Amino acid sequence: QIFDINTVSVQNALRENRASRETKVMAALHANTLHLLILEKGKLLFNNSFAISCVDDIFYFMLSAGQQLGINIQDIPIFFSGDFHAEDFFESALCAS
């Protein structure tokens, strides 16, 4: 069987969190793409990918997904993975105007 990387990521996240009682946000950054998963009590609530150009895009998509689901993303642990350097990520927090 052949699966795309997003399918494998979702399967791994569900397997690792099946007994969890928490809501979790998982944000994977690869190239100019954000893969966003939101899990609640071990169940998948949200899974989507977005084209991004700066950090503001990441926050926009996370907040928008939370709003659609009726949850406050600001109160939930967010787990970042992928291709980024933390210091660069937070230093360039705003999109260029």
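Here is a short tour of some aromatic rings and one threonine in this predicted model.

Before you click: residues are numbered from 1 along each chain as its sequence is written, and side-chain values use heavy atoms, with hydrogens and water left out. As the model is predicted, local features need pLDDT of at least 70 and side-chain atom pairs count only at pLDDT 80 or more, while totals for chains, interfaces and linings use all residues.

**The rings**

The structure has three aromatic pairs (Phe, Tyr or Trp rings, the six-membered one for Trp, with centres within 6.5 Å; planes under 30 degrees apart are stacked, over 60 edge-to-face, the rest tilted). Select Phe46 and Phe50: this pair is stacked, at 6.4 Å centre to centre with 10 degrees between the planes. Next, pick Tyr60 and Phe61, whose centres are 5.2 Å apart and whose planes sit at 70 degrees, so they pair edge-to-face. Now show Phe46, Phe50, Tyr60 and Phe61 together, and you have a cluster linked by ring pairs.

Phe46 and Phe50 are both buried, whereas Tyr60 counts as exposed at 53%.

**Thr23**

Jump to Thr23 in strand 1, residues 23-30 (strands are DSSP runs of E, at least two residues, numbered from the N terminus). Thr23 is buried, at 18% relative accessibility. Show everything in contact (heavy atoms within 4.5 Å): beyond neighbours within four places in sequence, Thr23 touches Ile38, Leu39, Glu40, Ile71, Ile76 and Pro77. Zoom in on Glu40, whose side chain makes a polar contact with that of Thr23 at 3.3 Å (N or O atoms within 3.5 Å, one able to donate a hydrogen and the other to accept it; residues adjacent in sequence count only if both atoms are side-chain atoms).

Notes: Buried means under 20% relative accessible area, exposed over 50%, partly exposed in between (1.4 Å probe, protein chains only). Helices (H or I, at least four residues) and strands (E, at least two) are DSSP runs, numbered from the N terminus.
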